[in-house]
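The entries follow the order in which I looked things up.

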Amino acid sequence: MKEKKGKIKNVDGGVCAPKGFTASGVHCGIKKQKKDVALIFSDVPALAAGVFTKSVTKAACVTLDQRQLKKSKVASAILVNSGNANACTGKRGMQDALQSVAATARALRVPSSQVLVSSTGVIGQFLPMKALQSGIVAASQHLRTDGSADAALGICTTDTFTKEYAVEVLIGNVPVRIGGMAKGSGMIAPNMATMLSFITTDANISHPLLKKTLRCATERSFNRITVDGDTSTNDMVIALANRKSGTPPLKDGSLSYLLFYEAFEHVLVALSKMIVKDGEGATKFVEVTVKGAKSTVEAEAAGKTICNSLLVKTAIHGEDANWGRILAAVGRSGIHFEPEKTEIFFDDLRILGKNYTIAFSEERAKTVLKQKEITITVDLHRGKHTATLWTCDLSKGYVDINASYRS
């Protein structure tokens, strides 16, 4: 996707920043105390698109939403519960998801075909439907134009902070807004990142172009992050476009569309980085850029292998400039390259030169690796293509969190 650089302005409001959207977050009792139900609502039916987990083990909400989006191009509401994944729950789990849709539709007075649902939390437990149904009613009664922050709280599990972002871009001198929220801290891998994200916009965009935009932007954002290499049962990114901005319809390839796409991807990348920074037990945020590749696919393959390498991630945590682990990861990534031509940098410090030249200060390397944010660059010297991905270190804290997730 070629982009046209435009002026992107950050705005407040999260998913409520675009015209016509409200949201809420309430506590219904799935969790002991924290908010566990979130609702996003468009006051007019919005075009809807989704990208979902590629896992064969899909939660009921994923299967149901995929069916919903095949039947209808529009949606008015997204209901999210946290604390319970409603995954691996069989027929009862699907019945509970359908009841959630019906209850939301009744509360909002919209057709059930216009309701999408999402769940996150512990796998293999049934939803407490009486509590959830009361939460749906409460959430519908608390919808506000400033409700995004509460909704963002309502979708969290092990997250240590909420993740919201919104921007405005001028399309023909008319402001168009894109807002988003996400949750994710663990089970994050680059293959439809293991997380939930919900994007809203008032852009006047067609359904096919919205689907293309979401697919392309997801590939360049959520599919380029990893915390632990695990993929979840509940992954999804859903985008709603209610077309209330008042601009002429966006046309694929036009200057207006390129400006919109740039802003849309910008939101998804910002949310992706927040997820990595909140990685379970993470102490360091790492940006990995692979350059000089024969193709973007080749660069991504090398980058993903580096980002998912436990040896690389633990070396980063230990502040050890172990370039051998990085080169070894590229070597098993499935790409063809010449190791002796490869260079590796930590920030601007060259750790490995061509022909395996090693001439760097361990003290300088240690200083770089002590930072909270680190950039690793691998130059393959094979071509002109580049890919940037994001990961974090792997600490004892990750083990502690996941050893007692259900307790």
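I call a crossing left-handed if the near helix is turned anticlockwise from the far one by less than a right angle, and right-handed if clockwise. Helices (H or I, at least four residues) are DSSP runs, numbered from the N terminus.

I note that this is a predicted model, in which local features need pLDDT of at least 70 and side-chain atom pairs count only at pLDDT 80 or more, while totals for chains, interfaces and linings use all residues. Residues are numbered from 1 along each chain as its sequence is written, and side-chain values use heavy atoms, with hydrogens and water left out.

Entry on H2 and H3. I found that H2 passes H3 in a right-handed crossing. Their axes (lines fitted to C-alpha atoms, for helices over the stretch in contact, with angles from 0 to 180 degrees between N-to-C directions) come within 9 Å and cross at roughly 25°. H2 and H3 are therefore roughly parallel (angles under 35 degrees). In contact (heavy atoms within 4.5 Å), H2 residues including Asp96, Ser100 and Ala103 meet H3 residues including Met129, Leu132 and Ile136.

Entry on H1 and H2. I recorded an angle of about 55° between helix H1 (residues 60-71) and helix H2 (residues 90-108), with axes 9 Å apart. H1 also passes H2 in a right-handed crossing. Among the residues making the contact are Leu64 and Arg67 of H1 and Met94 and Leu98 of H2.

Entry on H6. I found 18 of its 23 residues buried (under 20% relative accessible area, 1.4 Å probe, protein chains only).

Note on methods: Buried < 20%, exposed > 50% of the residue type's maximum accessible area, 1.4 Å probe, protein only. Helix = DSSP H or I, 4+ residues; strand = E, 2+ residues; numbered from the N terminus. Parallel < 35°, antiparallel > 145°, perpendicular 65-115°, else oblique.
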